[in-house]
Every structure is written in C-alpha cells, then in structure tokens.
Amino acid sequence: MVFYLLMDLLSDILHEAGCRRRFLQLRHLERPRSLRFPCNKSIGFHVVSAGSIFVHAEGERRPLLLKAGDVALMARGCNHVLSTEDSFRPSEVSLLESFVGPAAASAETSSVVSGAYQFWNEPLHPFFAELPAWFVLRGDAQAKLAPMSLATALLAEETHAPKLGGERVQHALLDVIFTYLLRRIVEQEGSAGTSWSHAIHDAQIRRAVELMHGDCARAWTLDELARAVGLSRSALAEKFRRAMGDTPLSYLRTLRMQRAMRLLSETQETLESVAAKVGYRDAFSFSKVFKKTLGLAPRDFRRRDASEKASPWRL
C-alpha cells in the first residue's frame with residue numbers, strides 16, 4: 001500500500017513537470033566510437049546489453065565503466081559522452097541525433113539502449129534536486145529474477161529481435177525501467193537526511209503531501225492540513241520542516257507554480273483561468289507570485305516557451 005501511494009505522488013510530480021519521453025533505440029557501437037548526449041533539459045538512462053561502455057561525464061575525473069547488464073541513470077543537466085574507449089578525441093564524437101550505427105552486433109561491438117525523459121522548463125519540485133548526478137545499478141548485483149533484471153532482459157530481447165507490437169513493448173519497458181530507477185533512488189534518499197524522499201516515509205507528512213497534490217488549488221491552511229493528518233498546527237509545521245526542509249505552505253506554492261508552468265506551456269488558457277486552477281483569486285496575485293518564484297512574468301514565460309518549441313532538441 002505504501003508503494004501505491006508513493007508512486008501516485010511520483011507520477012503526479014513527473015506529469016506536472018511536463019515530462020516527455022524519447023526512446024533512443026538500440027545502438028551498436030563499433031570501436032572506436034563515441035556518442036555525445038546533450039542532457040541540459042533531460043533525465044536519461046543507458047542499459048548496456050552487450051560489451052562495455054565508458055561514460056565520460058562533465059566534471060568527473062575518471063570515466064565510468066558500464067558492462068553488460070548495468071543500468072545508469074543521469075540527472076537533468078548531466079551532459080556526457082558514451083565511448084567504447086576509456087578516452088576519446090573530439091573528432092570521434094558524433095551527435096546523437098545524426099548517428100547511425102551498424103545494423104547488428106558483432107564480437108567487436110558494444111550494444112546500448114537509451115531513453116530520455118525531458119523536463120524542458122526548470123523543474124521546481126525538490127525531488128529533482130535530490131537526484132544524484134549518476135545512479136548506477138550493476139547487473140551482477142541484481143538477482144536474476146529481480147524486477148529490474150527481468151525488465152532489462154526483456155528490453156534487450158525486444159530491441160535485438162523486434163516482433164509484432166515491439167514498439168509498444170519497448171516504450172512500456174522503458175517506462176518500467178525509468179520508474180524502477182526513480183523508486184530505488186527514493187528508497188536510498190529516504191533512508192536519512194532532510195529531503196522529499198525522507199519526508200514522505202512518515203505517514204502523517206505523506207498524507208499532508210498527498211492532500212496538497214490532490215488539490216493544489218484549494219485554499220489550504222496549516223490548521224486544515226494539521227487536522228486532516230491528526231497533528232496540531234505547530235507539530236505539523238515542525239515535523240514537516242525537519243523532514244522536508246520546507247514549510248507545508250511553501251511546498252504548496254511549489255506545486256502551484258509547477259502546475260502553472262505546465263498550463264502556460266500546454267494550453268492557451270487565460271491568466272485568470274490559470275490563476276484559478278492553481279489556487280489564486282486573480283491574475284494579478286498569481287502573476288506576482290509567479291514572477292517572484294521564476295524570475296519572469298507568466299506572459300513572458302509563455303512567450304519564451306512558445307519560441308523554444310521550435311528547438312530541434314525539444315521533445
């Protein structure tokens with residue numbers, strides 16, 4: 001039951017952040033070959049199905065070695081290069097969008113399946129700040145019948161030998177692997193410290209968070225939230241601050257701004273309509289909070305977002 005509630009929250013966070021997915025297909029890399037992955041706006045992951053791959057990440061002194069069965073997730077903004085070698089020359093790097101690899105693997109190739117989950121506009125939710133730059137699950141550390149092992153094995157089979165309906169299966173498995181990776185990070189980050197992942201493991205805080213996610217447009221007060229979770233006003237405020245590092249009403253404002261960005265980007269609704277849907281009485285009060293939080297007015301945000309939709313890197 002706990003994981004059902006947890007995944008509802010996680011799904012809502014990804015949805016409100018405007019998540020877009022791209023399946024980057026199976027790539028067979030012959031030696032020497034390097035691929036550049038610009039990830040300024042995306043969270044991504046790589047599943048190595050054969051051979052070995054080196055990840056050259058910005059800011060890292062040594063490349064990260066991934067072997068068959070390993071899965072690596074990189075946080076938003078972690079630009080990197082995949083290479084068959086532990087070093088590479090700039091002239092060897094191909095842009096991801098234009099690279100066409102060999103049709104099939106051989107003894108001299110490495111095979112990798114990749115996925116990108118794009119959050120174009122700046123993620124506000126604290127969960128995104130918790131993600132480690134790189135999170136690796138080693139294939140040899142997973143039980144053969146563990147969910148992640150089964151999912152990655154199925155993905156490798158579907159991509160190496162496509163069958164009827166294979167595209168739907170591949171996209172579904174991509175989402176499964178991505179969700180399992182995020183779930184593992186929540187479990188890891190929630191074990192200690194002050195974070196969203198840690199906070200939602202407390203039943204009363206989690207309930208307060210669920211209520212705000214369920215209806216962020218409601219004029220929640222600290223008293224209402226406290227009564228709903230069976231705490232006093234001061235007890236909820238202190239418990240929330242210690243576990244989350246934020247106040248309940250500040251967290252509510254974050255949810256409202258996250259939803260507002262999505263509505264401004266995906267719809268042509270008026271500012272008055274957007275304001276009402278995210279809990280503000282009028283467009284003026286909404287615009288004031290939006291500009292204070294994001295650094296630009298809602299109309300300017302919408303114009304910038306519309307112009308950026310022509311970018312070839314936007315999903």
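**Note on aromatic pairs, the sheet and its helices**

1. The structure holds nine aromatic pairs, where rings of Phe, Tyr and Trp (its six-membered ring) pair if their centres lie within 6.5 Å, and where planes under 30 degrees apart count as stacked, over 60 as edge-to-face and the rest as tilted. Phe45 and Tyr117 form a stacked pair, with 6.4 Å from centre to centre and 20° between the planes. This pair links distant parts of the chain, since Phe45 belongs to strand 3 and Tyr117 to strand 9, 72 residues apart. Both Phe45 and Tyr117 are buried, a word that stands for under 20% relative accessible area, with exposed over 50% and partly exposed in between (1.4 Å probe, protein chains only).

2. Please keep in mind that this is a predicted model, in which local features need pLDDT of at least 70 and side-chain atom pairs count only at pLDDT 80 or more, while totals for chains, interfaces and linings use all residues. Residues are numbered from 1 along each chain as its sequence is written, and side-chain values use heavy atoms, with hydrogens and water left out.

3. Five strands form an open sheet in the order 1-9-3-6-10, with antiparallel pairing; helices (H or I, at least four residues) and strands (E, at least two) are DSSP runs numbered from the N terminus, and two strands pair if DSSP finds at least two bridges between them. Strand 1 (20-30) and strand 10 (134-137) stand at the edges with a single partner strand each, so one side of each has no neighbour in the sheet.

4. Within this sheet, strand 3 (residues 42-50) and strand 9 (residues 109-118) run antiparallel and are joined by eight bridges. Ala50 stands opposite Ser111 in strand 9.

5. Which helix lies across strand 1, strand 3, strand 6, strand 9 and strand 10, running at about 70° to strand 1? That is helix 3 (residues 147-160), where axes are lines fitted to C-alpha atoms, for helices over the stretch in contact, and angles run from 0 to 180 degrees between N-to-C directions. Helix 4 (residues 166-189) also packs on the sheet, and its direction makes about 100° with that of strand 1.

6. Elsewhere, Leu271 is found in helix 10 (residues 271-277), and Leu271 counts as buried because its relative accessibility is 6%. Leaving aside neighbours within four places in sequence, Leu271 is in contact (heavy atoms within 4.5 Å) with residues including Leu264, Ala283 and Phe286.
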